[in-house]
Amino acid sequence: MDCEDGSAVHDVVSVLSSPNRDYLIRNNGNQVKITSLRGKKIGLYFSASWCGPCRRFTPELVEVYNGLSLKGDFEITFVSADEDDEMFKEYFSEMPWLAIPFSDSDTRDHLDELFRVSGIPHLVIIGENGKVLTDSGVEIIREYGVEGFPFTSERIKELKEQEEVAKREQSLRSILVSDSRDFVISANGMKVPISKLEGRLVGLYFSLSSYKLCVDFTSKLVDVYAKVKAMGESFEIVLISFDDDEESFNEGFGSMPWFALPFKDESCRKLARYFELSTVPTLVMIGPDGKTLHSNVVEAIEEYGIQAYPFTPAKFAELEEIEKAKQEAQTLESILVSGNGDYLIGKHGVKVPVSDLVGKNILLYFSAHWCSPCRAFLPKLTDAYHKIKAKDSGFEVIFISSDRDQTSFDDFFSEMPWLALPFGDERKESLSKMFKVQGIPKVVAIGPTGRTITTQARDLVADHGADAYPFTDERLQEIEAQYEMAKGWPDKLSHALHEEHELALTQHQIYKCDGCDEEGHVWAFSCEECDFDLHPKCALEDGKGTEDDAMDEENQKKDGYATESLFQSLRGSTFRGCS
């Protein structure tokens, strides 16, 4: 049956039952007639005990279900993807709702197919009339919780509009006060009215006590907080915790000198959505007028500490000028020399003074043996290193290790033909901070002046190998120009110098042309069966396109589109982040 708008309508009884079963079950074994669900909104929860995201989402769904239980018009049915009955029963014991019996695999499979379930957790919500209200129930529950009820598109639109109004009329009270609470708490459990914080600069600290990045940042934030308070400034911080258990919350909050929202407060999830949180730690700054001053000052505090206070646009403009001046004054020795640390190591522990590398092109290679992407990237970097070194003997790479012990460092470094910072060297921390290393492998290119050329050299090496050298914007533009040249070239051609086989247009980093005997880059016409390459200029002078590749107007357009796609990919590679 279909609605007037064309969407399907499902009869709950027929969808959930089978020829031999007209009931659902509870986790205590009790049976519930499916007919009792008529007139209710039904959530079909596709989930499994082996699925990590499912295990994390189920407690959120339980909280919402319990919050709506008094309404009496909402029910959930668990559709299990577990592999055996024991796993099903163990997982179902955590759920206060109904389920399709595990033994009825035909119905479970039919529901998977009917509602096109391609991944779990998945929550389909069906209205009283049998019409699907949404198949994005997981996202709605995560974002809106109980407030999302009755889960219609109209309700979600209403909530989004309310959020927009709230942002326009934002105040500290509108952010922190809820229907059931108008206070924050101190570590000793004292309730402090939110009115006491009004008119002050307030930081909202989104954190997770078990996450190392949060633990490390908290210690720095405590130091900044203490210094600002010692200056007599009107500054406060409110912890918004994502801890799953109260013991972890209490332990983490107990070491903090500021306030917090109560454990598992309903506003925590709401505020994460409101401020479009994408990572932790995050520290949102709310000005004395209640408006958002900055969406996240964590990086500024990491970089500048108390110098970033009071986190105003004017202060950030001042810091930006300081940063520009630092970059202009940067030299190789200013980034690689610290105290007695004025050397690198080569093979067999030979010390190489940093001064020996001044005036050369350098790559800083942040990596570790335990990191599989690092190990996968190493052969590519090694190949580029040897090819670049053959043309520029002054070029060098410096391995900056994140290995966990000396043995791992030694094993990994033994595979590398370049230099390294000694294992455990304190300069590693300052370099990681300076170049904002949040993931490895990461490759930073330093020019002959000692200034940074690019922090995205990993992508350039991965895409173009040695041909990307010396990793400058000018070199990238040259490569882009070479891609532009490929417009209109045939995909294949025949040539008198290699009559045995056709030559295909291929991408090469560096090769030797078998026609003019000169070095070529990026594009070549190559034999797929022989070691034979021609520079496009040589190939097109005497080459003849094959019948299959006749370059009529339509194919020229297609080649143009293909090359433009490559051009865009190349341009995009400059900005792609490390994983």
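Mentor: A residue is called buried when its relative accessible area is under 20%. The structure above is a predicted model, and the cut-off applies to its computed values.

Trainee: Why does phenylalanine 74 count as buried?

Mentor: The relative accessibility of phenylalanine 74 is 6%. The limit is 20%, so phenylalanine 74 counts as buried.

Trainee: What about phenylalanine 151, buried or exposed?

Mentor: Phenylalanine 151 has 1% relative accessibility, so it is buried.

Trainee: How many aromatic pairs are there?

Mentor: The count comes to 37 aromatic pairs. One of them joins phenylalanine 74 and phenylalanine 151, whose ring centres are 5.4 Å apart.

Trainee: Why is the pair of phenylalanine 74 and phenylalanine 151 called tilted?

Mentor: A pair of aromatic rings is described by the distance of the centres and the angle of the planes. Centres must lie within 6.5 Å, and here they are 5.4 Å apart. Planes under 30 degrees apart would be stacked and planes over 60 edge-to-face; these planes stand at 50°, so the pair is tilted.

Trainee: What makes you say that the pair of phenylalanine 74 and phenylalanine 151 ties parts together?

Mentor: Phenylalanine 74 belongs to strand E4 (residues 74–80), while phenylalanine 151 is in the loop between helix H5 (137–144) and helix H6 (153–168). The parts are 77 residues apart in sequence, so the pair ties them together.

Trainee: Why is the pair of tyrosine 365 and phenylalanine 399 called tilted?

Mentor: The centres of these two rings are 6.2 Å apart and the planes are at 40°.

Trainee: Which strands hold tyrosine 365 and phenylalanine 399?

Mentor: Tyrosine 365 lies in strand E17 (residues 362–367) and phenylalanine 399 in strand E18 (residues 396–401). The parts tied together by this pair are 34 residues apart in sequence. Tyrosine 365 is buried at 0% relative accessibility, and phenylalanine 399 is buried at 0% as well. Both residues belong to one aromatic cluster, whose members include Phe377, Tyr385 and Trp418.

Trainee: How do you know that E17 is mostly covered?

Mentor: Six of the six residues of E17 are buried. Ile362, Leu364 and Phe366 are on one side, Leu363, Tyr365 and Ser367 are on the other, and both faces are covered.

Trainee: How do you know that E17 and E18 pair?

Mentor: Strands pair when there are at least two bridges between them. E17 and E18 have six bridges, in the parallel sense, with tyrosine 365 opposite phenylalanine 399. Together with helix H14 (residues 372–391), E17 and E18 make a right-handed β-α-β unit.

Trainee: In what sense do E17 and strand E20 pair?

Mentor: E17 and E20 (residues 442–446) pair in the antiparallel sense, over five bridges. Isoleucine 362 has isoleucine 446 as its bridge partner in E20.

Trainee: What makes strand E11 mostly covered?

Mentor: Strand E11 (residues 235–241) has seven of its seven residues buried. The covered faces hold Phe235, Ile237, Leu239 and Ser241 on one side and Glu236, Val238 and Ile240 on the other.

Trainee: Which units are formed with E11?

Mentor: E10, helix H8 (residues 212–230) and E11 make a right-handed β-α-β unit. E10 (residues 201–207) pairs with E11 in the parallel sense over seven bridges, and leucine 201 stands opposite phenylalanine 235. E11 also runs parallel to strand E12 (residues 259–260), joined by two bridges. The crossover from E11 to E12 passes through helix H9 (residues 246–253) and is right-handed.

Trainee: How do you know that cysteine 268 is in no disulfide?

Mentor: A disulfide needs two cysteine sulfur atoms within 2.5 Å. The nearest cysteine sulfur to cysteine 268 is that of cysteine 214, 13 Å away. The structure holds zero disulfides. Cysteine 268 is buried, at 5% relative accessibility.

Trainee: What makes arginine 404 sit over a ring?

Mentor: The charged end of arginine 404 is 4.5 Å from the centre of the ring of tryptophan 370, and the distance limit is 6 Å. Likewise, arginine 108 lies over the face of phenylalanine 102, at 4.5 Å from the ring centre.

Trainee: Why is glutamate 163 called buried?

Mentor: Its relative accessible area is 16%, under the limit of 20%, so glutamate 163 is buried. Glutamate 163 is found in helix H6. Leaving aside neighbours within four places in sequence, glutamate 163 is in contact with Tyr144, Arg273 and Tyr274.

How values were computed. Residues are numbered from 1 along each chain as its sequence is written. This is a predicted model: local features need pLDDT of at least 70, side-chain atom pairs count only at pLDDT 80 or more; totals for chains, interfaces and linings use all residues. Side-chain values use heavy atoms; hydrogens and water are left out. Rings of Phe, Tyr and Trp (its six-membered ring) pair if their centres lie within 6.5 Å; planes under 30 degrees apart count as stacked, over 60 as edge-to-face and the rest as tilted. Helices (H or I, at least four residues) and strands (E, at least two) are DSSP runs, numbered from the N terminus. Buried means under 20% relative accessible area, exposed over 50%, partly exposed in between (1.4 Å probe, protein chains only). A charge sits over a ring if NZ of Lys or CZ of Arg is within 6 Å of the ring centre and within 35 degrees of the ring normal. Contact means heavy atoms within 4.5 Å. A crossover is right-handed if, with the strands pointing away from the viewer, the path from the first strand over the helix to the second runs clockwise.
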